[in-house]
Amino acid sequence: MIVTLIIACEVAFWVLLAAGLAFRYVFRMPRLGLALLLCEPLLEIVLFAVTATDLKNGAEPDWRHGLAAVYIGFTVGLGHSTIKWADARVAHRFAGGPPPVRPPKYGTARAVHEWKVAGRWTLAALVAAALLQAAVLYVGADGRTGSLRAWQQRMLFVVGLNVVIAASYTLFPKREPKGGPEREPAKMD
């Protein structure tokens, strides 16, 4: 049941996002669009409540409960940036907004961008790890919490991987080509 709910939450996330942006830009109903976008956190609250109730009712903690915590953590850490990413593209396409800003390609600006991305992933992993720890404490010493602990280790791996990626852009920055930004060659008439 938990896995089905996680899948339903993921589908509902994208449906609410698409509907919110459609009402905001296509149908020119920004308040309704905003209301739909603000419903996104309700999905995580429902998933959290169902998972906690399942554990309270005596379910043995397993990978499904861990996956629910990870899903909630990743939605908290990455959901806002995903919505902003989609909003910029829909605003450009349907409302005459400016073109979406692309991440920088070179130097310090790229390193700063990568550290921001690593920060979002780290937040996601830390929220997931905290929820997993809360589940371990909730279940108590009597329950088998090995699968929840395994998810916590995976979250540490996610943090480490993102820090390594960001650090690589800091220590070995990609340099801009000598001729300036890459351009298409001029056409000869």
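Phe-27 has a relative accessibility of 49%, so this residue counts as partly exposed (buried is under 20% relative accessible area, exposed over 50%, and partly exposed lies in between, with a 1.4 Å probe and protein chains only). Before we go on, note that this is a predicted model, in which local features need pLDDT of at least 70, side-chain atom pairs count only at pLDDT 80 or more, and totals for chains, interfaces and linings use all residues. Residues are numbered from 1 along each chain as its sequence is written, and side-chain values use heavy atoms, with hydrogens and water left out.

Let's stay with the aromatic rings. Rings of Phe, Tyr and Trp (its six-membered ring) pair if their centres lie within 6.5 Å; planes under 30 degrees apart are stacked, over 60 edge-to-face, and the rest tilted. That rule gives three aromatic pairs. In one of them, Phe-13 and Trp-14 have ring centres 5.2 Å apart and planes at 85°, so they are edge-to-face. Phe-13 is buried at 6% relative accessible area, while Trp-14 is partly exposed at 40%. Phe-27 pairs with Phe-23 in a tilted arrangement, 5.2 Å centre to centre with 55° between the planes. Phe-23 is partly exposed, at 26% relative accessibility.

Rings also meet charges here. A charge sits over a ring if NZ of Lys or CZ of Arg is within 6 Å of the ring centre and within 35 degrees of the ring normal. Arg-154 places its charged end over the ring of Trp-151, 4.6 Å from the centre, and Arg-93 lies over the face of Phe-94, at 5.3 Å from the ring centre.

Next, have a look at helix α4, which spans residues 63-95 (helices are DSSP runs of H or I with at least four residues, strands runs of E with at least two, numbered from the N terminus). α4 bends by about 50° at Leu-78, the bend being the angle between axes fitted to the seven residues ending there and the seven starting there. Thr-75 of this helix is buried at 17% relative accessibility. Leaving aside residues up to four places away in sequence, Thr-75 touches Glu-44 and His-80, where contact means heavy atoms within 4.5 Å. After α4 comes Gly-96, with a positive phi near 70°.

Finally, step back to the whole protein chain. The chain has six helices and zero strands. Its C-alpha atoms fill a box of roughly 80 × 45 × 25 Å along the principal axes, and 34% of its 189 residues count as buried.
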